[in-house]
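Thank you all for coming; I would like to walk through one structure this morning, going from one local feature to the next. Please have the sequence and the model open while I talk.

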Amino acid sequence: MKNVYLFFISINLFMGAFAQTPQLGKNSMKEVIAAMTLEEKAKLCVGNGFKMPGLNPPGGPVIGQTQEIVPGAAGTTFAIPRLGIPSIVVADGPAGLRISPFRNNDSSKSFYATAFPVATLLASSWDTALVKKVGAAFGNEVHEYGVDILLAPALNIHRNPLGGRNFEYYSEDPVVSGYIAAAIVNGIESNGVGTSIKHFAANNQETNRNSVNSIVSERALREIYLKGFQIAVKKSQPWTVMSSYNLINGTYTSEDYDLLTTILRKEWGFKGFVMTDWFGGKNPVDQMKAGNDLIMPGTKAQSQRIIEAAQHDSLNVRVLDENVARILEIIVQSPTFKGYKFSNKPDLAKHAAVSRTAATEGMVLLKNNGNALPFGKDIKSIAVFGINGYELIAGGTGSGDVNKGYTVSLIQGLTGAGFQVNADLQHIYSDYLKAEKIKHPKKGFFEEFMNPTPPIVELPLDRNKIVQKAKESAIAVIAVGRNAGEGKDRKLPGDYYLDETEQALIKTVAESFHAKNKKVVVVLNIGGVIDVAQWGDAADAIVLAWQPGLEGGNAITDILSGKVNPSGKLATTFPADYKDVPSAKNFPGKEFPERAEKGMFGMKQVPAEVTYEEGIYVGYRYYNSFDVKPAYPFGFGLSYTNFKYDNLRLSSSTFNGKITASVDITNTGNKAGKEVVQLYISAPAKKLDKPSEELKAFAKTALLEPGKKQTLQFVINAGDLASFDTNSSSWVAEAGKYTIKAAASSADIRQMATFELAKEMVTEKCNKVLSPQVTINEIKK
């Protein structure tokens, strides 16, 4: 009896001690953090890692793996069960959730995700309501597959068309980038899951991305490279922000207190936590001090360095407590913490329909001579040329890729809509693609990342074959494809510029079909800008389909057939020549091979730097201000109907806090359609050099029937008038006359109105931070 009595006494003491241990969600955050050991705090701030067979990351082996929770996810956080702190899951996915499609070698059950259109296409819709709907569908898949935080969206600026990850980014303009990013964040997070807006900041190239020092002026940072993030933070308050790999003016972004704390938290009011990009930065202690709360994917060496720094007073434990608190504040919001029983069965069919609709809304009709499109009733037989007509590129490569259940090719979209495609060409291209794929067996993600499979080159076709098809078919459709992704920037020959085979194909098809008075349509299935000047004259119509997601072939067909009237407009400029790009002379910068060292996955890491000599003159800001005519300007896009802009009016002729601009848009054509209206402002430039005009607002009309009118309203606030003055570290609106321009593109101003600002106004005072350590010879107007 004595032994039994002692046993129950022991049990009661144990249960009492457990009951006294603070629990996350039941006790205060302060009590939970106080109960944590130093080792637990350090490990919570360093991810659980993941296993990569045959690869040894810097800083020692990764801590664990994510396979136990959601196979294929990018990482997890450290769990502390005794305090009720679970491990949460983060996964890639700027264009769709990236997880493993099968588990435990069992192909009987799939875990596919929807491949939505890439970011550049979504931005080309200029439709925040649509993008929010995409986000809601996207977030549902995140939720139902057991992921807590999606590592997206990415909203870096299209500084140069050769950027390898431009397809993941929205625009060359921060206003478009910021509002589209905020829309998708709000949609995704409406499901109770989180996002991580990235890559913060000035991550505008893949070349030497882990070691490049981006040398940028304070003004260019504030007005171009930080502005989109500022808008996204203020309009959507994402759960997390991901710091970038690069340095800004000499400091790694993940180790930069002024970037992550002074600007992001103190100036903008960001409330979530910051995580690194995978293996980003160098010094985990400096990352903690900077406010980079979570280091991903995590190594043992990193957590050990944090512990040692705290033990030896080189890291104040109060700083570490703040890092921990910010992570815990997000964990308590997560589905995992709330015990959500995810189904692993999202409604993929419903989401595919969302993807198809979004794809049509963001496709851009660049050219349509002689009303080549939409297809008329006489178009019964179509000759489809080009390998990408038979194998669609749904999205980019690397972490932006999606494991999807299917992809609808253009040929499938056309045949599904009842069009007759040339069977002979279909056999020729299909056989060619099959043979080429045998030469390059499918690789795993990391093997592909380390040693990318070369793209399949275009098939040369005999001229006689093309002439024959011109006799047999009513119209020609030529598909041109391009792909790129993480780890490598694009090149000029055979990528930005079409190769000789592609140019010869377009030329021969155009000559052969035009000789028979038949039209030629070119479909661009691309992720980034390419040259159109060398071959564009040969085409009667050009449709920019971007990389449109898994339903791409159907969406392209919707545009070609006229089922959907195109309403997309360019969110990035197509230059007449690459030499015209303002950053062409300094992209991707210079290397210092003599200082090379061992970097990520054992690869050689070469220190590099790139100087942003174009300053604020990025994209249309440069082309308009310096009178450089592009092939297709920012904001450009045709429709199958026409729109009249009329009656632009302002609520006041003088500025007093805000002004409302209203404009009437009327469909004057004979087909229902939508119009994207852009509002630009030209500001006085006596004190500061300024672009000739800058985008400040945009809106898309509803579907207007012929003859119908819609009035759009835009509110202009004080901040919209201001430019960043480096000398005073403030946003300043100069006194004088301001011109508001209602436009169909940056080069097509339809209506103008003016107002006066009586005296100079400081709209915001900022901290003097992120100053370059060298003089930058920026271009001036």
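Which residues does V521 touch, not counting residues up to four places away in sequence? Before I answer, a word on the model, which is predicted, so that local features need pLDDT of at least 70 and side-chain atom pairs count only at pLDDT 80 or more, while totals for chains, interfaces and linings use all residues. Residues are numbered from 1 along each chain as its sequence is written, and side-chain values use heavy atoms, with hydrogens and water left out.

Now the answer: V521 touches L373, I475, A476, V477, I478, A541 and L560, leaving aside residues up to four places away in sequence, where contact means heavy atoms within 4.5 Å. V521 sits in strand β14, residues 520-525, and when I speak of helices (H or I, at least four residues) and strands (E, at least two), these are DSSP runs, numbered from the N terminus. With a relative accessibility of 0%, V521 counts as buried; buried means under 20% relative accessible area, exposed over 50%, and partly exposed in between, using a 1.4 Å probe and protein chains only. Between V521 and F273 there are 248 residues in sequence and 48 Å in space, taken C-alpha to C-alpha.

Let me turn to helix α17, which spans residues 463-472 and whose buried residues are I466, K469 and A470. Looking down the axis of α17, these buried residues fall within an arc of 105°, so they line one face of the helix; the arc is that of the directions from the helix axis to the C-beta atoms. What do the buried residues of α17 pack against? They pack against β11 (381-385), α15 (423-439) and α19 (500-514). At the start of α17, a side-chain oxygen of D462 comes to within 3.0 Å of the backbone nitrogen of N464. For polar contacts, I mean a pair of N or O atoms within 3.5 Å; within protein, one must be able to donate a hydrogen and the other to accept it, and residues adjacent in sequence count only if both atoms are side-chain atoms.

Next comes a pair of helices, α7 (residues 218-225) and α8 (residues 227-236), which pack at an angle of about 45° with their axes 5 Å apart. The axes are lines fitted to C-alpha atoms, for helices over the stretch in contact, and angles run from 0 to 180 degrees between N-to-C directions. That angle makes α7 oblique to α8, given that angles under 35 degrees count as roughly parallel, over 145 as roughly antiparallel, 65 to 115 as roughly perpendicular and the rest as oblique. On the α7 side, L221, R222, E223, I224 and Y225 meet K227, G228 and F229 of α8. Of the residues in this contact, 4 are nonpolar, 1 is polar and 3 are charged, where Ala, Val, Leu, Ile, Met, Phe, Trp, Tyr, Cys and Pro count as nonpolar, Asp, Glu, Lys and Arg as charged, and the others, Gly among them, as polar. In α7, 8 of the 8 residues are buried, so this helix is largely enclosed by the rest of the structure.

T641 is found in the loop between α21 (620-625) and β20 (643-650), and at 5% relative accessibility T641 counts as buried. The side chain of T641 reaches the backbone nitrogen of G669 at 3.3 Å, and a polar atom of that side chain lies 3.3 Å from the backbone oxygen of K671.

I will end with the backbone, and with the general point that most residues other than glycine have a negative phi, and most peptide bonds are trans. N344 has a positive phi, near 60°, and is placed in the loop between α12 (317-331) and α13 (348-362).
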